[in-house]
Amino acid sequence: MTAHGVAIHLENCGKTFANGARALEPTTIDIARGETVVFLGPSGCGKTTMLRIIAGLETPDAGGRVRFGDEDVTDTPIERRNVGMVFQSYALFPNMNVAENIGYGLKIRGIGAAERAQRVAELVTLTGIEGLETRSIDQLSGGQRQRVALARAVAIRPRVLLLDEPLTALDALLRERLRSELNSLLRALGITSVYVTHDQAEAMTLGDRIVVMRKGAIAQIGSPRDIYFAPANRYVAEFVGAANVVEAECRDGALILPGGSLPVAHATPGRAVAMVRPESWSIVPATAATLTGRVETVIFVGDRLRVTIAGAADRPLLVDAPNGLAVAPGQTVGLTVPPGAVRLLAGEAA
Amino acid sequence: MTEMRRPLGPIIRRPHVLRARLLFAAQLVFTLLLAAFLIVPAGLSMLAGVTENYFIGVRSGLTLRWLAQVWELYADTILRSFVIAIATLVVTIVIGLPAAYALHRRGDRVARLVEEIITLPLAIPGLAIALALLLSYGNFSDFRRSWLFILVGHVIFTLPFMVRSIMAVLAAVNINLLDEGAASLGASPWQRFRDVIVPNVKPGLLAGSLMVVTLSLGEFNLTWMLHTPLTKTLPVGLADSYASMRLEVASAYTLVFFIMIIPLLVAMQFMAGRGGLTGGRR
Ligand SMILES: Nc1ncnc2c1ncn2[C@@H]1O[C@H](COP(=O)(O)OP(=O)(O)OP(=O)(O)O)[C@@H](O)[C@H]1O
Ligand SMILES: [Mg+2]
């Protein structure tokens, strides 16, 4: 199967529901052909609404336009947009078996039984659900349903594939496995995909770009690396991954903290908000660092130690240390960090 | 926690168990008495229908003569009743299914208002509905004289049952989601209705159908007002036989009525047991 997506352009697409609830601020975003964009944000921030506007299940407020390539589809109902959609609760048809579910879109398109059967067989193999073709939907496990839903959406060779938290209903282990399967599948299809999730690990794995959302508006758009290493603001920093956000006075190229000073690259004097990821810290002897603190807790999580250190900043700092390091609560240690790993967040000082 | 508490359960609960059993026994006796109170008259009435002479009693012997006589006198009435019931069913499905779907899809204040209006006939005495129909259409004498006039009354009376039992299923299977699923695969509204909506509301449709047929067969109030001597139905005939026939014939008629309606009631009960009426699936 070759790439057959289109670019998606949203122009000033906002959504105010009939009850007056503003689910989405007017939003403009361009998604390139073949790209996978992940909308990431907490519950209720408008992710599903955004997806439904792209799908054609909601119309944007007046002034909003949705374009697929050069075609304006704002007033085109979903059934004529040729989008594949995987719903959070799958929306599989209980009155049809697995093969009939997967083949339904093809049947609607008037594709003959023989060709349909062949295509369904292809998809069954692609999604790894061989042997389940004649099962009814209520005889499937959650993971199997998810695969059927995906196969059904992809079967129609959509221009755009839309996925609304497709893995949320599954347990953690299965989720992780399906996540990487889904990743290779999306790459193989080369289709334009929009993926909605509140799970940042999922967003990191799947997204060419991530759109972090907050209360119906975009907080940041960027590659997973951008989002992780260069969050635009405190909200993104704290939502994506673990982050130590400290607010302090900046003087002579260093942040002045209760436990000493922390050198910062490109610092300007004055009040600043800075972020350091837990894995950026190194724990060193107290004498070897300008910043010191007292070890509060040490938690062994297998591949590393998660250490909290009090007294260095206003709030305890979260530090990831190698799992072989000898640290014990009560110990006073020094903390160092490569200067580039201290990230100043713009416009966030209180 | 519950795991740990379990061994203590029987010891602590013993007095409760005893009390619960006593309560259950008392409830059982009460229920049986009440059931007997209600069932005995019906049983006696049916027995009278096959008794040679009711005033002498069962001693006079049992006979099917009265049943045969009822059939002779009222066969056309009984058949007409079935024709009306089936016609009512067809009309309530044709109107009720799309209506229920539309009301469910809209789900707003207008939809609730329409639902209330459809349900209104339940709260209004059948006599009043009949009177209204007579006032409005009584002058169209051909219509007035045909069984179609009764059909209209029955549709008004039974439609809410059909609409409500379909709507219950629509809500239970989250039909909007299935509808959106089908739409995303390119299905037009009509294709969605045919391939997804109808198959998935079948339990509600079936439950509603049984209810409509049963109600139509048994409806008396409204029908009595609307009927003409040539458009009697089963229950109207029943009243007629009570008024003008000897007691044994009237009782035999009751028996016929029961034979007609009980299989439907049993089927309805069976459906309810399988969750059809409450909207659950399989
Ligand atoms: N049909 C609707 N009518 C009124 N308000 C709605 C409707 N759908 C969504 N909302 C509101 O719009 C906001 C955004 O909803 P949306 O479903 O897009 O959130 P979400 O980001 O997908 O959340 P979740 O992660 O919980 O699925 C919420 O506050 C929600 O209550
Ligand atoms: Mg959502």
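Between chain A and chain B of this predicted model, 6 residue pairs, both members at pLDDT 80 or more, are in polar contact, a term for a pair of N or O atoms within 3.5 Å in which, within protein, one atom must be able to donate a hydrogen and the other to accept it, residues adjacent in sequence counting only if both atoms are side-chain atoms. The two chains are also joined by 2 salt bridges, each defined as a side-chain nitrogen of Lys or Arg within 4 Å of a carboxyl oxygen of Asp or Glu. One of them links Arg52(A) to Glu180(B), with 2.7 Å between the closest N and O atoms.

Chain A and chain B each give 20 residues to the contact, which is counted where heavy atoms lie within 4.5 Å. About 1,700 Å² is buried between chain A and chain B, 61% of it on carbon and sulfur atoms, buried area being the accessible area (1.4 Å probe) that two parts lose on being put together, summed over both. On the side of chain A, Glu79(A), Pro94(A) and Tyr104(A) lose the most area to chain B, together 31% of what that side buries.

Within chain A, the side chain of Arg306(A) makes a polar contact of 2.9 Å with the side chain of Asp320(A). Arg306(A) and Val319(A) stand 13 residues apart in sequence, with 5.9 Å between their C-alpha atoms.

Residues are numbered from 1 along each chain as its sequence is written, and chains are lettered from A and ligands numbered from 1 in the order in which they are written. Local features need pLDDT of at least 70, side-chain atom pairs count only at pLDDT 80 or more, and totals for chains, interfaces and linings use all residues, while side-chain values use heavy atoms, with hydrogens and water left out.
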